[in-house]
Amino acid sequence: MNTVKRAVILAAGEGKRMRPVTLGTPKPLVRVNGVRMIDTAIRGLKANGIQEIYVVVGYLKEQFQALEREYNGTVALIENPWYDSCNNISSLYAAREHLEDAIILDGDQIIRDPRALSPQFERSGYNAVWTDAPTDEWLLTVEDGVVVSCSRTGGRHGWQLYSVSRWSAQDGRRLRRHLELEFEQKRNRELYWDDVALFCYPEEYQLGVFPMKPGDITEVDSLEELAALDSSYRRYLPEED
């Protein structure tokens with residue numbers, strides 16, 4: 001059994017699909033019913049005894065500085081200088097020194113149940129929810145507890161991937177090496193970081209899934225989804241004819 005010792009929260013993006021709300025506020029700092037999305041992640045991590053938390057920042061980075069004060073040194077910021085020219089592989093590359101025994105998650109989702117961030121795990125892999133219904137989200141196929149394929153275009157009867165993953169010390173070192181290879185040497189700057197283990201080097205990992213229930217985590221991908229969760233944002237939606 002492995003135990004998470006540290007967390008990396010990716011929070012550098014511009015949140016373009018949530019404009020105009022994100023024109024002046026980074027997406028992870030947007031409040032949903034009064035609570036910043038990133039606070040649900042940090043509080044969930046702390047509730048699970050994870051006290052070493054790194055937040056990767058870029059867009060409007062200065063607005064995150066208050067987190068270091070508010071969380072009494074539990075949170076440290078890492079700057080991603082490539083956030084506006086590269087995909088999110090650049091954010092994890094910026095935090096590559098902290099990937100052993102780590103949980104990696106996006107800062108722009110709402111953690112509803114802290115148990116979704118439990119520190120105990122058997123093998124590296126992603127939080128996932130089983131779905132029989134069609135989905136256009138990334139869908140994992142698992143055999144004997146090991147991920148054997150991932151569909152970027154979704155499907156049905158599989159494990160829908162969420163943006164929370166855990167990495168053992170060994171896999172964290174492996175992931176760092178692969179990030180450096182792709183970002184530094186191959187200069188593949190347009191990759192999602194998840195592509196590294198799932199598509200670039202799948203034979204070098206034996207990933208599993210961390211099962212959770214629908215609703216344990218809410219992903220907020222667009223202005224429409226934000227307004228559906230918090231009616232105060234409806235004023236930003238285009239008027240219907």
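Strand β7 spans residues 102-106, and five of its five residues are buried, where buried means under 20% relative accessible area, exposed means over 50% and partly exposed lies in between (1.4 Å probe, protein chains only). Keep in mind that this is a predicted model, where local features need pLDDT of at least 70, side-chain atom pairs count only at pLDDT 80 or more, and totals for chains, interfaces and linings use all residues. Residues are numbered from 1 along each chain as its sequence is written, and side-chain values use heavy atoms, leaving out hydrogens and water. Helices (H or I, at least four residues) and strands (E, at least two) are DSSP runs, numbered from the N terminus.

- β7 runs parallel to strand β2 (residues 6-11), and five bridges join the two; strands count as paired if DSSP finds at least two bridges between them.
- With strand β13 (residues 158-167), β7 pairs in the antiparallel sense over four bridges.
- Look for Ile 104 in β7: Val 8 stands opposite it, and Ile 104 also stands opposite Ser 165 in β13.

**The largest pocket**

- The largest pocket has a volume of about 1,200 Å³.
- Here is how a pocket is found: on a 1 Å grid over the protein atoms alone, it is an open set of points with protein on both sides within 12 Å along at least five of seven lines, whereas a cavity is a set of points where a 1.4 Å probe fits but cannot get out.
- Grid points are joined across faces, edges and corners, and the volume is the space filled by probe spheres set on the points.
- The pocket has 37 lining residues, and the closest to its centre are Asn 87, Asn 88, Asp 106, Asp 108 and Tyr 192; a lining residue has an atom within 4 Å of a point.
- β2, α3 (89-94), β7 and β13 are the elements that give two or more residues to the lining, and β13 gives the most, with four.

**Helix α1**

- Eight of the 11 residues of α1 (residues 37-47) are buried, including Met 37, Ile 38 and Leu 45.
- Just after α1 comes Gly 49, with a positive phi of about 80°.

- Ser 90 sits in helix α3 and is buried because its relative accessible area is 1%.
- Ala 128 belongs to strand β10 (residues 125-131) and is buried, with a relative accessible area of 0%.
- Lys 27 lies in the loop between β2 and β3 (31-32), yet counts as buried at 8% relative accessibility.
- Lys 27 and Val 220 are 193 residues apart in sequence but 9.4 Å apart in space, C-alpha to C-alpha.
- Setting aside neighbours within four places in sequence, Lys 27 is in contact (heavy atoms within 4.5 Å) with residues including Met 37, Asp 108 and Asp 221.
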